[in-house]
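Subject: Structure handover

Hello,

Here is the structure I said I would pass on.

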Amino acid sequence: LAPGAGAQAAESLQTILDRGYVRHWLVAGPFAVDAEGGIAAAIQEGRPRLGETDFLAPTGGIQRARPQDGLTIKNSDGAKTIFQALDPTGTTFDLSALLGGRAEAVGYAAFYAIADRPQTVLLEIDSTLGVRVALNGAIVRDIGNAPIQEIRTDWLSLPIRGGANLFVFEL
């Protein structure tokens, strides 16, 4: 696995760990919500807000896609979505600009971490609405939504291999 040409979202795992957060991301969206009745209805009824549609399927799916800045995804409705580089300055970032004015949407965020050796890392994910997490082509966690008034924190212990590691989050 190697970051594709133009993949500016690659940085040293040690740099990420020292800083405490990922600085170089690739993001794509918006994609249509595939939860029956929409995200608000799914949350209100206690159902997961992420459906089963893999919106990255045209690029190999969440398990095979190799995001890079400028990678175009042709959606089933004929629309095109492009992965874009995003470099936030802190531990959180706002993806609402990707929604294109939609009240509800699905999106992806990805980054490459280059490790000098195999190791285990602890990943903290704070999400009220849930997130699907893939590492190096394998879905490692499907975190469901929490009550809307709570911020849910999940900790994942993940085996990282030496070299490039690709993290993809469906949000």
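Below is what I found, from the whole chain down to single residues.

First, the ground rules. This is a predicted model, in which local features need pLDDT of at least 70, side-chain atom pairs count only at pLDDT 80 or more, and totals for chains, interfaces and linings use all residues. Residues are numbered from 1 along each chain as its sequence is written, and side-chain values use heavy atoms, with hydrogens and water left out.

**Whole chain**

The protein chain has 2 helices and 11 strands. Both are DSSP runs numbered from the N terminus: helices are H or I with at least four residues, strands are E with at least two. Along the sequence the pattern is β-α-β-α-β-β-β-β-β-β-β-β-β. The radius of gyration is 16 Å, close to the 16 Å that the globule rule gives for 171 residues, so the chain is as compact as a globular protein of that length. That radius is taken over C-alpha atoms, and the rule is 2.2 Å times the number of residues to the power 0.38. Along the principal axes, the C-alpha atoms fill a box of roughly 45 × 35 × 30 Å.

Of the 171 residues, 43% count as buried. Buried means under 20% relative accessible area, exposed over 50%, and partly exposed in between (1.4 Å probe, protein chains only). The accessible surface comes to about 8,800 Å², and 50% of it belongs to carbon and sulfur atoms. Areas come from the Shrake-Rupley method with a 1.4 Å probe; for residues, only the protein chains shown count as cover. Take the contacts with a separation of 6 or more: residues 24 or more positions apart account for 72% of them. Contact here means heavy atoms within 4.5 Å.

**Cores**

The largest nonpolar core has 22 residues, of which F111, I125, F167 and F169 touch the most other members. Such a core is a set of buried Ala, Val, Leu, Ile, Met, Phe, Trp, Tyr and Cys residues joined through side-chain atoms within 4.5 Å. Two or more residues each come from α1 (13–19), β2 (25–31), β6 (106–115), β7, β8 (131–135), β10 (152–160) and β11 (163–170). β6 gives the most, with 4 residues. Another core lies apart from this one; it has 18 residues, among them A28, L50, F83 and L166.

I125 is worth a look. Beyond four places in sequence, I125 is in contact with V131, V133, I143, R152, T153, D154, L156 and F169.

**Strand β6**

What encloses β6? 9 of its 10 residues are buried, so β6 is largely enclosed by the rest of the structure. Its pairings are as follows (two strands pair if DSSP finds at least two bridges between them):

- β1 (residues 10–12) pairs with β6 in the parallel sense over 3 bridges. E11 has A113 as its bridge partner.
- β2 pairs with β6 in the antiparallel sense over 4 bridges. F31 stands opposite V106.
- β11 runs antiparallel to β6, joined to it by 8 bridges. I114 has A164 as its bridge partner.

**Single residues**

Q119 sits in strand β7 (residues 119–127). Q119 is buried, at 16% relative accessible area. A polar atom of the Q119 side chain lies 3.3 Å from the backbone oxygen of R117. Leaving aside neighbours within four places in sequence, Q119 is in contact with L13, L17, L158, P159 and I160.

L135 is in strand β8. L135 is buried, at 6% relative accessible area. Not counting residues up to four places away in sequence, L135 touches V140, L158, P159, I160, N165, L166 and F167.

N75 lies in the loop between β3 (72–74) and β4 (80–82). At 17% relative accessibility, N75 counts as buried. A polar contact of 3.0 Å joins the side chains of N75 and T81. A polar contact is a pair of N or O atoms within 3.5 Å; within protein, one must be able to donate a hydrogen and the other to accept it, and residues adjacent in sequence count only if both atoms are side-chain atoms.

Two backbone points remain. The peptide bond from G29 to P30 is cis, with omega near 5°; P30 is in strand β2. N136 is not a glycine, yet has a positive phi of about 50°. N136 is in the loop between β8 and β9 (138–143).

Best wishes
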